[in-house]
Structures are given as C-alpha cells and as structure tokens.
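Colleague: I'm new to this one. Could you walk me through it?

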Amino acid sequence: MRLHTSPSLLALSAAPLVVNSLQLPFGIQLPAVIDSRLTSLKSSISQIQVPSFINKIIDPTGSSPLLSLHRDLVAIPSVTGDEEKVAKFLEKYLTSKNFHVELIPVESPEYPSSKKRYNVFAYPEGGSKSAPILLTSHIDTVPPFLPFKDGLRTVYGRGSCDAKASVASQIIAVEELLSQKHITEDTISLLFVVGEETTGDGMRHINTLNMKWEAVVFGEPTELKLAVGHKGLAMLEVEAKGKASHSGYPSLGVNANSHMINALYKLDHLHLPSSDLLGNTTLNVGIMNGGVAANVIPAFARAEIAIRIAAKTFKEVKDIVDGALKDVEGIEATWKKPYYDPVFCDHDIEGFETIATSYGTDIPNLNGDHKKYLYGPGSILVAHGDNEKIDKSDLYEAVKGYKRIVKGILNAKAVVVHDPAKEEAAAAVVVEEVVQVKIDVPEAPANKAEGKNDKEEHVEYVTILPVDTP
Ligand SMILES: *[C@@H]1O[C@H](CO)[C@@H](O)[C@H](O)[C@H]1NC(C)=O
C-alpha cells in the first residue's frame, strides 16, 4: 500500500504484548533463569518425537506453516531498494514447495545498481507460466525496519501487515488449493514485486514481459474486505513569485502571499467530481510556505497539494484545476508524479464485505484487461506506523479469503452441466476448455455469506489465544 500522506497519522494502536523467547499462554512473563531453562528444554523436546498437539502449544508459530512463513518474511528487512534477501528467501521457500520459481531482475535509476532487486514469479511444477489467475503482492516495505515480535494473538514488525501478511496468506492459500485438489497446477501463478511503496517500478517492469492474465488478485491490507476500488491521485506544487519590499510601502513590492491566497482560495472552493462507489474527490493543501518576516512584503510563496480522485480521470481533474488557476496572477502550478486515475475493482464474489480504500496500490501499474481484485488481511491504520502489526486470526482468515476468491473466479467461468445425479452427489462442475480445472460444486451462497461452513477449511493449528492483557 502506498500512502503519500504523513505517517504520523498512522502511528496508532496499542502497545505490543511480547513474549521474548518462549510463548506461554495468558501473558505470563517468566524470570529469565526459568525462561532460559524452558527454552533449552524446548529445544531438547524438539529433538525427540512429541505429539504434535504438545508442540503446537509449546511453539504455535513454529508449528504453523502460515505463521512461520509470515515470521520468516517479516524477520528479513526489505525496505524498498533492499529486497534481495527476501526475494532469495521466497525463491528457496517456493522451490521447496514444488513451485517453479523465476527471479526477475528489476533495475531502476532510483536505486544503486550495486543492490540486486528481484520480482519473484512462481507457478506450481507441472503448471504453466501463462496460468489464467495471478495472486500478487509486494515484498518491499516502508522504512524503518522494525524487528519481528511474537505476541500471543498478534505479531508485530515492519511489513507484518503491509504486505507480508498478504504474501504469506496468498502462498499458503495456493498450497492448500493445490493439495486439496480445488485447482490444477496450470490454474494459478504467484508474483511478488519490489518497489510498490515508492515508484511501482517492480510491477511496471512486468509490463515489459508480455504476460497476460484473466484475473489478478492484489494483496494489500483491506481488513479482509473485498475492495470496490481506490481513489486516484494527483499532486501539484504551486509557486508564487513577488518582489520584496518594506511592509510599510507595499506598492514598492509585489506580494507573493496574496497571489498564493487567491490561488488556494480557488482550489479550496473547487467543485470536484464524486462517485457513488468511491465518494468525494478531496483536495488537501498539505504544505504552505511564504515570506520571511511579518514586516517584509513576501517575494516567494509555495504550496503542495494532493488530490484524491473519486471520479473521472486524472486528466479531467487536472483540467478543472488548471482552469480554476488560469486567471490567478503571479503563480505557476506544476503537476507532480506519481498520478493515477481512480481504480475500480471487481467485487463480484459473494460472501465478502466491501470497502473503498483511499491509498495507492500497484493495480494501475499493471497493464492489461484482466479482472482486478483487491483483498488482504490487516488495517491501513497500522500499516505504516511504528507499531505495525497483524492479528494471527486475520492471517488464517485471509488464507480462507484468498481461496474463496480463487474459487469464485473459477466458478464465474464455470459452465455448469445440469446433471441432477451429479449435483446430488455434490460432484463436479465442468469448466471451460481453456482453463481445464475441475472444481468442487460451489458452496451454497447462504453458507458463503456466513463464511464458516467450508468443511475443508479445518483449522490446522492449535494455539491458546487468551485476551491480551491491557
Ligand atoms: C461529499 O461532499 C458532500 C458535499 O460537500 C458532503 O455533503 C458529503 O458528506 C461528502 N461525502 C463524504 C462521504 O464525505
């Protein structure tokens, strides 16, 4: 998720509950000496065969494929520009899970060429590079790196929410879809890109590779809701030039601040387009500077403005703004990068709450006429803050969510053959030739809405989840 706003707004949320070396239920903190005994006991236990339920209580994170993958991702620093290690980790991990993995080098003038940066593209062994569905997210994070910390219900660390929660749950979702035979190997591929938090260079590089998908599922924190879209962005800088003079003799100078006030008043009172899905286009004068002293006629003023576009296009909004400013004396407006149109996402899958988000994503950076879905665990409100975190239960929910989205995409393509016997046996749905996937009969919509009746979604871990102590 890319924000172009002050991070201070986001530094919210409660203090972390942290268990240092050994997880115990109910937030018990042990004296160091006992704690270290238990830790060594734990390591000796792990060398003998113990029933898995004991292991799951002693080490809920290590014994959960999802939580341990997420932990390993978050533990690797990957601030934008420095994504090599996490890409190499994913290459190794996905290879070990029988994926064919390609590291795609990304070079950009913004980042030193001494740093190797890779997008990670993967598809199941026996599958195909041109699978119709792509699950994608990003492996870079905003600065600064914050180490992984394991709490009882929640894990903390940079990227724990944005977007390594999406990366981990997308991977586990695909592993489960394959192992549970909900999809065939040639249905899906995975793409984890660099550079999302700054210029989107990782995703834009994909456009040079001539790849195509029918549907792309973008992973970003949407609070487990299916996004209807996100606003577009326009940014401009306005400068006013004047001539300094003594404030007692204004006629000897030219007041840059007066020009700026005229310009900003017009902008503040502009009528900008709105849409039912994304709400109002909003305009924020984020920075105003001008003048040097109260008794000097200001020779220079400057303002920076961000516009979140809810309807029409960047070009149309730019034309409205340029039109409003064209008669204002003494100012010059410069449009900045990045800018993008509002993004409208597909949200035609039952059983999800929907959300309109106001942050930027890689969606506009990937060309093509594919269907676009935006979904992921975690909240924007903590994503870039110094207490970034994710609830473990949200990670598990996201795995289910991604599986339901993939099944929903396939069901939408499915041509159901009416054979009552088959239907009664809850057997098979025949799918269009192109896709060649066999999928189970979709769950009844009523069940989907409740989201809890998916029998194969049994919980594969046991952990103790008391209420975090305040
Ligand atoms: C959009 O703007 C209108 C008019 O200014 C206002 O009444 C409405 O509350 C705004 N909607 C939202 C969602 O902020």
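This is a predicted model: local features need pLDDT of at least 70, side-chain atom pairs count only at pLDDT 80 or more; totals for chains, interfaces and linings use all residues.

Colleague: Okay, what is the mean pLDDT of the chain?

Modeller: The mean is 84, and 78% of the residues reach 70 or more. Over residues 5-25 the pLDDT is below 50, and that stretch has 46 contacts in the model beyond near neighbours in sequence. Residues 415-470 also stay under 50, with 76 contacts beyond four places in sequence.

Colleague: How many helices and strands does the chain have?

Modeller: There are 12 helices and 20 strands. Buried residues account for 40% of the 470 residues in the chain.

Colleague: Which residues touch the most other members of the largest nonpolar core?

Modeller: Those are Ala168, Val217, Tyr373, Leu395 and Val406, in a core of 100 residues. Domain 1 (7-229 + 343-408) and domain 2 (232-340) both contribute residues, so the core lies between them.

Colleague: Pick one of those. What does Val217 touch?

Modeller: Leaving out residues up to four places away in sequence, Val217 touches Leu135, Tyr373, Tyr375, Tyr402 and Ile405.

Colleague: Switching to helices: is H10 largely enclosed or left open?

Modeller: Of its 22 residues, 16 are buried, so H10 is largely enclosed by the rest of the structure.

Colleague: And how far apart are the end C-alpha atoms of H10?

Modeller: They are 33 Å apart. Helix H10 covers residues 392-413, and at 1.5 Å a residue it should span 32 Å, which agrees.

Colleague: Where is the antiparallel pairing?

Modeller: Look at the open sheet of 3 strands ordered E4-E5-E18. Its edge strands are E4 (149-150) and E18 (389-391), each pairing on one side only. Strand E5 (residues 154-156) is joined to E18 by 3 bridges, and Tyr156 stands opposite Lys389 in E18.

Colleague: Which peptide bonds are cis? I'd like the one at Pro144 and the one at Pro338.

Modeller: Pro143 and Pro144 are joined by a cis bond with omega about -10°. Pro144 is in the loop between strand E3 (133-138) and E4. The bond from Lys337 to Pro338 is cis too, with omega near -5°, and Pro338 sits in strand E14 (residues 331-340). For context, most peptide bonds are trans.

Colleague: What about phi at Asn98 and Lys181?

Modeller: Asn98 has a positive phi of about 70°, and for Lys181 phi is positive at about 60°. Neither of these is a glycine. Asn98 lies in the loop between helix H4 (84-96) and strand E1 (99-105). Lys181 is in the loop between helix H5 (164-179) and strand E6 (188-193).

Colleague: Is Lys181 buried or exposed?

Modeller: Lys181 is exposed, with 12 other C-beta atoms within 10 Å. Asn98 has 13 C-beta neighbours inside 10 Å and counts as partly exposed.

Colleague: Last one: where is Glu237, and what does it touch?

Modeller: Glu237 is in strand E9 (residues 232-241). Not counting residues up to four places away in sequence, Glu237 touches Arg302, Glu304, Thr334 and Lys336.

Conventions:
Residues are numbered from 1 along each chain as its sequence is written. A nonpolar core is a set of buried Ala, Val, Leu, Ile, Met, Phe, Trp, Tyr and Cys residues joined through C-beta atoms within 7 Å. A residue is buried if 20 or more other C-beta atoms lie within 10 Å of its own, exposed if 12 or fewer, and partly exposed in between; C-beta atoms are placed from the backbone. Domain bounds come from an automatic or database domain assignment. Two residues are in contact if their C-beta atoms, placed from the backbone, lie within 7 Å. Helices (H or I, at least four residues) and strands (E, at least two) are DSSP runs, numbered from the N terminus. pLDDT is the predictor's confidence in each residue, from 0 to 100. Two strands pair if DSSP finds at least two bridges between them. The expected span of a helix is 1.5 Å times one less than its number of residues.
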